[in-house]
Amino acid sequence: MMKIALTGLAFLGPALCAQPSAPSPIPAPLRPLPWGQLNFLHTTDIHGWWGGHLQEPSYSADWGDYISFAKHLRDRADAEGRDLLLIDTGDRIEGNAIYDSSKPRGKFTYEIAKEQHIDLICSGNHELYKQESADGEFYHTVPDFSPNYIASNLDIYNPKTARLEALAPRFKKFTTENQGIRILAFGFLFDFTGNANNTVIHKVKDTVQEGWFQHAIQDKELDLIVVIGHVDVRSDEYATLYATIRAAQPDIPIQFFGGHRHIRDYRIFDDKSVAIASGRYMETIGFMSINGLNTRSSSHHPRKSQEPKPTFSRLYIDNNLYSLHHHSAKNLTTFPTPNGLNVTTQINSARHSLHLNRLYGCAPRDLWVNRAPYPHPSSIFSWLSDSMLPDTVKTSSRVQESGKSAIAIINTGGIRFDIFKGAFTKDTAFLVSPFTSRLRYVKDVPSQVAVRVLPLLNHGEPMMKEQGIDLAPPEVVARKLRRQFFPELLRPAFSKLESNAQAQLALSATEHHNLIPGYTTHDDAGTDGDDTIHSPIDFFEVPNCIQAVVSQGDSKSDLAEDASLPTHIDIVYNEFIEKWVLMALRYLGESYKLEDTEEYFPGKSFTQLMVEWVEKYWGVDGEECE
Ligand SMILES: *[C@@H]1O[C@H](CO)[C@@H](O)[C@H](O)[C@H]1NC(C)=O
Ligand SMILES: *[C@@H]1O[C@H](CO)[C@@H](O)[C@H](O)[C@H]1NC(C)=O
Ligand SMILES: *[C@@H]1O[C@H](CO)[C@@H](O)[C@H](O)[C@H]1NC(C)=O
């Protein structure tokens with residue numbers, strides 16, 4: 001059992017550091033850091049949230065604070081003869097206006113990111129959707145972190161020579177400074193297929209057969225193998241890597257770091273091998289430690305059978321100053337370092353220059369991605385399918401001038417974050433919808449076919465599997481792979497959960513009135529992994545896609561028995577799901593090609609359309625929100 005620190009619950013006062021408008025963290029009971037011989041701090045799926053969360057006290061520390069925090073932990077490790085390594089497992093870009101609204105899009109991100117010292121770093125899938133962002137890795141992130149960037153299964157067409165080459169070294173072998181632990185490290189990406197054509201991703205099952213990999217894992221002069229990756233810790237890819245390495249080295253400890261699913265998770269492969277996933281969006285700093293490793297002083301002999309087995313510990317840190325001060329034994333005045341303060345200032349001036357506080361309107365209530373079921377008045381997807389999408393589609397020239405009805409379909413994974421009651425700013429718009437995707441359409445599809453597209457996108461498993469890309473939010477996909485932890489999700493369709501949900505929301509609010517709602521992680525080691533003790537937050541699955549129907553001026557999201565549709569109708573969809581929509585139509589016997597599609601609102605991104613809706617319906621004309 002871990003000890004719970006209940007000390008230091010006094011009022012903390014205004015935050016020194018973090019972004020100026022960030023809310024102060026709320027003191028809460030904390031579990032201590034489980035320091036070991038070798039320690040790690042892990043971030044993943046940052047998606048541009050360098051400034052932290054400005055509307056949520058639990059995650060309100062920024063990248064500058066993380067720099068200060070890491071410095072204090074490194075100092076302590078040095079003083080005590082331990083080692084500390086920092087890891088980042090990709091998807092650093094896309095998902096926040098600091099990245100997505102800057103021109104060029106990486107303008108601030110690379111400069112901010114490189115201020116942290118990271119010991120092992122790799123690419124996610126988001127770095128590779130567009131040619132420019134993959135080139136951004138080549139020109140910025142790889143050299144900024146050299147030689148710590150690892151690309152075990154990722155190649156790029158060198159933008160200078162047009163030759164295909166590894167984006168970065170395939171592996172790294174090094175010895176830790178204080179303990180002298182000999183580490184071999186790899187950096188993987190899952191078997192992603194949606195990348196732009198300037199990169200090549202080798203499937204993990206092929207990579208592990210390659211000579212260089214087979215050779216590297218035969219090395220007997222090692223104390224630990226570290227596999228970092230933008231990979232779900234419960235994926236086939238990691239199962240393959242684990243099995244291959246374990247077959248070559250039956251005794252070596254293997255530490256995996258994963259991500260991609262935006263969740264906290266910890267998987268135990270065997271008594272010498274574990275994996276951690278550390279959440280998303282700068283909400284979580286994962287702390288991992290190992291004891292019982294061979295070290296320089298235990299003289300590098302082959303392991304003897306009486307040697308102790310390695311022991312592993314994990315803690316998911318809520319990224320706020322209360323937690324960071326506590327774990328670094330610093331206070332308001334002693335915590336910020338000059339470099340950390342600099343970076344906080346740098347982020348703030350980037351936010352200013354991008355006018356991220358610009359107010360578009362006031363959201364009348366909270367709208368959730370996963371904290372409410374769909375459909376539900378508090379679901380962001382109900383707002384989209386009942387209001388934003390139909391109101392917007394109704395203004396198109398196809399409806400206004402040609403009198404055409406439309407079914408508009410978007411994927412839920414394209415919506416990245418909740419909307420909180422109150423100010424809806426430029427910042428909010430990009431948090432909710434960061435992508436440059438536009439709405440496109442296929443005109444005059446037979447209605448009888450058109451109405452069958454959504455069910456196919458939501459339930460046509462064989463068809464959907466072909467692409468290996470998820471349309472639902474990562475957290476939803478993650479749950480499907482983790483039924484053992486979420487038995488309540490074995491309940492039937494989401495729409496039937498509505499009344500249940502209402503009851504649950506009321507219950508959790510009263511039952512846990514002393515605790516702040518937040519992460520209550522259940523993983524392979526139990527339920528004591530979160531640093532902060534929280535009351536639970538509800539989580540609901542949502543479908544892959546949702547739709548709105550605009551028929552002869554009327555709109556609705558439910559099409560069950562619709563007699564009022566004309567014989568032909570436009571199918572409108574966000575660009576990201578174009579392949580799937582065309583595939584669904586083909587599957588239903590209607591063959592359309594890319595040439596049959598057009599932009600529905602020429603020149604406007606979905607994000608822009610959302611902003612226009614907010615200005616029109618939630619606008620306040622320069623006033624403040626209540
Ligand atoms: C990638 O696609 C673009 C246009 O779609 C094409 O011009 C270019 O030659 C392609 N590059 C490679 C390396 O195949
Ligand atoms: C912070 O800690 C330092 C050193 O321990 C101490 O001198 C100072 O009074 C503390 N400041 C606050 C605000 O508690
Ligand atoms: C802080 O930023 C200034 C100006 O950009 C720079 O000159 C200085 O070296 C930085 N200091 C640290 C500790 O990073």
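User: Why is the disulfide of Cys 362 and Cys 625 called left-handed?

Analyst: The torsion about the S-S bond of Cys 362 and Cys 625 is about -90°, and therefore the disulfide is left-handed. Please note that this is a predicted model.

User: How do you know that Cys 362 and Cys 625 are joined by a disulfide?

Analyst: The cut-off for a disulfide is a pair of cysteine sulfur atoms within 2.5 Å. The S to S distance of Cys 362 and Cys 625 is 2.0 Å, so the pair meets the cut-off. The structure holds one disulfide.

User: What makes this pair a link between distant parts of the chain?

Analyst: Cys 362 lies in strand β15 (residues 359-363), whereas Cys 625 is in the segment after α19 (606-617). The two cysteines are 263 residues apart.

User: Why is Cys 362 called buried, while Cys 625 is called partly exposed?

Analyst: Buried means under 20% relative accessible area, and exposed means over 50%. Cys 362 has 16% relative accessibility, so Cys 362 counts as buried. Cys 625 has 21%, which lies in between, so Cys 625 counts as partly exposed.

User: How do you know whether Cys 122 and Cys 545 are buried or exposed?

Analyst: Cys 122 has a relative accessible area of 1%, so Cys 122 is buried. Cys 545 also has 1%, and therefore Cys 545 is buried.

User: What makes Asn 320 a buried residue, and what does Asn 320 touch?

Analyst: The relative accessibility of Asn 320 is 5%, which is under 20%, so Asn 320 counts as buried. Asn 320 is placed in the loop between β14 (311-318) and α8 (321-328). Not counting residues up to four places away in sequence, Asn 320 touches Pro 25, Pro 57, Ser 58, Tyr 59, Ser 60 and Ala 61.

User: How do you know that the side chain of Asn 320 makes a polar contact with the backbone nitrogen of Tyr 322?

Analyst: The cut-off for a polar contact is 3.5 Å. The side chain of Asn 320 reaches the backbone nitrogen of Tyr 322 at 3.0 Å, so the distance is within the cut-off.

User: Why is Asp 45 called buried, and what is its phi?

Analyst: With a relative accessible area of 0%, Asp 45 falls under 20% and is therefore buried. Its phi is near 50°, a positive value in a residue other than glycine. Asp 45 belongs to the loop between β1 (38-43) and α1 (63-80).

User: How do you know which parts of the model call for caution?

Analyst: The chain averages a pLDDT of 90, and 89% of the residues score at least 70. Over residues 1-14, however, the pLDDT is below 50, and it stays under 50 over residues 489-511. Where pLDDT is low, the predicted coordinates should not be read in detail.

Methods:
Residues numbered from 1 in each chain as written. Chains lettered and ligands numbered in written order. Predicted model: local features only at pLDDT ≥ 70, side-chain atom pairs only at ≥ 80, totals over all residues. Heavy atoms only, no water. pLDDT = per-residue confidence, 0-100. Contact = heavy atoms within 4.5 Å. Helix = DSSP H or I, 4+ residues; strand = E, 2+ residues; numbered from the N terminus. Buried < 20%, exposed > 50% of the residue type's maximum accessible area, 1.4 Å probe, protein only. Polar contact = N/O pair within 3.5 Å; in protein donor to acceptor, adjacent residues only side chain to side chain.
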